[in-house]
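Biologist: I'm new to this structure and would like a close look at one part of it. Could you walk me through it in plain words?

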Amino acid sequence: MSSKSFHTTNSGQCQRSSKQPGCNIDLINHAVKDCRSEGSKTTSKKKSEESLERASKRSRTSQSPSNSGNQTFSGPSSSSLVTGCKRTSIKRKSTDDKSEERPRTPSPSEEPKHQTTSEASSSSKPGTSSSVNTGPPCSRAAFEARYEEEERLGRGGFGTVFAGRRKYDNLPVAIKHIPQPGIQCTSMLLGGKTHKVPLEVALLLKLKPVAAVVTLLDWYNLDHELILVLERPVPCSDLINYMNSRESALQEHEAKAITKQLVNALIEVHSRGVFHRDIKPENILIETGSDVPRVRLIDFGCGTFLSGRRYTLETGTYPYTPPEWFQRQWYMAEPTTVWQLGVVLFEMLHDYMPFNNSSEIMTEEPNIREDLSINCNSFLQRCLTKRPEARSTLRKLKIHPWLM
């Protein structure tokens, strides 16, 4: 069975209250507002370039989950670039190098406050995904009574993911362990009271239910770690391993089927007020149980709340960084998402990255295959336009002739 990739990204710090309410997600009101602590400052350009150079030296080959540097369901790969001037087909492999992803805590002034008024309630039987935990609030005993943990699927710099099953109905789940302290938090209404909640949890709750996002089933904010319980589709593979299984670049019609779903998924994610910030093949899950592969987005550890303002702190994965970051030291939400989508599409169609370094990201045009259709070429160009103001929007991409 193939499975998938879950990264964890923690920044900032949140102290858990001893009065934290039960952690089952179904009685949660999504009233969200910022209470983030100050994060670390932007890493130097030198470190970024070193990270890019290290990434470019890695080949993309499948590895067993136990050796994966990322938290995965099927041993995802680390992001890499092609070194040198000649672009050749490469295979990427997993790595424990933590420098590829640089999590940052957004400054309080960078993010808007969010509030919603809906209130979820549940009348389902205990043990279902919409039931209420009846054990002690946020206790390990409550978690262990509800879930059985199985083999490790992956381990990264910020946590570990295990396979597991829900005891009530034997449902396959993914169990992500993220160590405390250092977990970025936000304020949220739980049971009618405001509590500090891990930001990744808050973002996933805002996205429930979105079919194209892997669902958060449960979460436990313990003294020494945060445990996230997520659905685990079977069978599935992350996009890296899906491409590796083909041993070549995807055909244009295959890439189009995936891209069309990605565009729709990202539009819905943005409509819920969430900015993923780290769109890349490792964070795209492909369900392979049907004739048409189904796309699911995962890992919102680098995510934040959507804003029309500038973001000035770097996060995500360096090879997918848009040119405006290198030129201006800031970026906007939608242009960044569209740029990352373009890099992912290029990678699907060519089996290598479009740019070798930050200079090429800023100044050079991607070397697009000549055998692609005119509409596909146009779609890629609109995603990878250097100036964010001129880059296409997600909604314009949705009605682009290539996807129609």
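Biologist: To get us started, in which loop is Pro235 found?

Modeller: Happy to take you there, and keep in mind that this is a predicted model. Pro235 sits in the loop that runs between strand 8 (225-231) and strand 9 (236-238).

Now step back along the chain. There is another cis peptide bond between Lys208 and Pro209, and omega is about -5° there too. Pro209 belongs to the loop between helix 3 (199-206) and strand 7 (216-221).

That brings us to strand 7 itself, so let's see what goes on around it. Strand 7 pairs with strand 8 in an antiparallel fashion, through five bridges. The two strands make a hairpin, and three residues lie between them. Is strand 7 open to the outside or enclosed? Six of its six residues are buried, so strand 7 is largely enclosed by the rest of the structure.

Next, have a look at helix 4, which covers residues 239-246. Helix 4 packs against helix 7 at an angle of about 20°, and their axes are 10 Å apart. Angles under 35 degrees count as roughly parallel, and that makes helix 4 roughly parallel to helix 7. The crossing of the two helices is right-handed. On the helix 4 side, the contact is made by Leu239, Ile240 and Met243, while helix 7 brings in Val344, Glu347 and Met348. Sorted by class, that contact of helix 4 with helix 7 has five nonpolar residues, one charged residue and no polar ones.

Asp351 lies in the loop between helix 7 and helix 8 (358-363). Its phi is near 70°, a positive value in a residue other than glycine. Asp351 is buried as well, with a relative accessible area of 1%.

Another aspartate is worth a visit. Asp299 has a positive phi of about 60°, although it is not a glycine. You'll find Asp299 in the loop between strand 12 (294-297) and strand 13 (304-305). Buried means under 20% relative accessible area, and at 5% Asp299 counts as buried.

Conventions. Residues numbered from 1 in each chain as written. Predicted model: local features only at pLDDT ≥ 70, side-chain atom pairs only at ≥ 80, totals over all residues. Heavy atoms only, no water. Helix = DSSP H or I, 4+ residues; strand = E, 2+ residues; numbered from the N terminus. Buried < 20%, exposed > 50% of the residue type's maximum accessible area, 1.4 Å probe, protein only. Pairing = 2+ DSSP bridges. Axes fitted to C-alpha atoms, helices over the stretch in contact; angles between N-to-C directions. Parallel < 35°, antiparallel > 145°, perpendicular 65-115°, else oblique. Left-handed = near helix turned anticlockwise from the far one by under 90°. Contact = heavy atoms within 4.5 Å. Nonpolar A, V, L, I, M, F, W, Y, C, P; charged D, E, K, R; others polar.
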